Amino acid sequence: MPAARTFLTHPDPLTREVARNYAGGAFLMDNGDGLQWYSVEGRAVLPLTEADGLHVPRRLRRELKHFEPRMDTAFAQVVAGCRGELPGSPPRDGEWISDELADLYLHLHAQGLAHSFEVWRGGQLAGGVLGLALGGAFIAESKFHRVTNASKAALILLAAHLHARGFTLLDAQIQNPHIETLGVREIGSDTYGALLGAALPLDVSL
């Protein structure tokens, strides 16, 4: 996977614009008024290890062995799942992902910037996380599940995957009660900026 600088100077202007804005701490959403850049004062960050604060509930820990993690094998399906359009996925998970934003994710995936981290069970896609990787930072845009606890399992297994490959930041963007149970903490924009700034120069691979 190319380093962050490859995307920050990418020949494709759209990829370059997205990478530079994400490197600056912004993220994209469509709340009905078209694609817009957003930033929040409190940024949600998931610890990559239990030593750093990742919390794996006992029952969920027992279930992890039933999920098979994969990377980028069903990107379009994960986008559809995050939009609530994949059979079995909750219909409201990704209502902010418009057709335009979904197409952009597909474009960024083709350029190597956007990725899907999936969990499979019984040969079926059970859930996953959609995100962008820049240097040693993975910015999780959305997640979905078709099986109970699959989205939480995906986040936990993604954290382990990133840690093993030298990533230092898993950005969950906005705190909510669902991910807070995993140890996701909210940090201020200055602290987030420092973590992101330290992660961007890292030459690591998914």
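A residue is called buried when its relative accessible area is under 20%, exposed when that area is over 50%, and partly exposed in between (1.4 Å probe, protein chains only). The views below show a predicted model, in which local features need pLDDT of at least 70 and side-chain atom pairs count only at pLDDT 80 or more, while totals for chains, interfaces and linings use all residues. Residues are numbered from 1 along each chain as its sequence is written, and side-chain values use heavy atoms, with hydrogens and water left out.

**View A. Q173 and D72, two residues with positive phi.** Most residues other than glycine have a negative phi. Q173 is not a glycine, yet its phi is positive, at about 70 degrees. Q173 is found in strand β8; helices (H or I, at least four residues) and strands (E, at least two) are DSSP runs, numbered from the N terminus. With a relative accessible area of 6%, Q173 is buried. D72, also a residue other than glycine, has a positive phi near 60 degrees. D72 sits in the loop between β4 (68–71) and α4. Its relative accessible area is 27%, so D72 is partly exposed.

**View B. Helix α2 and the glycine just after it.** Helix α2 covers residues 13–23, and within it T15, V18, A19 and Y22 are buried. Seen down the axis of α2, these buried residues fall within an arc of 95 degrees, so they line one face of the helix. The arc is that of the directions from the helix axis to the C-beta atoms. Just after α2 comes G25, which takes a positive phi of about 100 degrees.

**View C. The salt bridge between D171 and R43.** A salt bridge is a side-chain nitrogen of Lys or Arg within 4 Å of a carboxyl oxygen of Asp or Glu. By this rule the count comes to six salt bridges. One of them joins the side chains of D171 and R43, at 2.8 Å from N to O. D171 lies in strand β8 (residues 169–173) and R43 in strand β3 (residues 43–45), so this pair ties together parts that are 128 residues apart in sequence. Both D171 and R43 are buried.

**View D. The salt-bridge network of R83, E85 and D99.** R83 lies in the loop between α4 (75–82) and α5 (99–111) and D99 in helix α5, so the pair ties together parts that are 16 residues apart in sequence. In the salt bridge of R83 with E85, the closest N and O atoms are 3.7 Å apart. R83 is buried, with a relative accessible area of 16%. E85 is exposed, at 52%, and D99 also counts as exposed, at 53% relative accessibility.

**View E. A patch of negative charge on the surface.** The patch gathers E41, E180, E186 and D190. Patches are made of residues with over 30% relative accessible area and no salt bridge; like charges are joined within 9 Å, and nonpolar side chains (Val, Leu, Ile, Met, Phe, Trp, Tyr) within 5 Å. Lys and Arg count as positive and Asp and Glu as negative, while His and the chain ends are not counted. The place of a charge is taken as CG of Asp or CD of Glu, and as NZ of Lys or CZ of Arg. D190 lies in helix α8 (residues 189–199). With a relative accessible area of 70%, D190 is exposed.

View F. H161 lies in helix α6 (residues 150–164) and counts as buried at 14% relative accessibility. R121, in strand β5 (residues 114–121), is partly exposed, with a relative accessible area of 32%. A137 is found in strand β7 (residues 137–145) and counts as buried, at 0% relative accessibility.

How values were computed: Areas by Shrake-Rupley, 256 points an atom, 1.4 Å probe, with all protein chains shown as cover.
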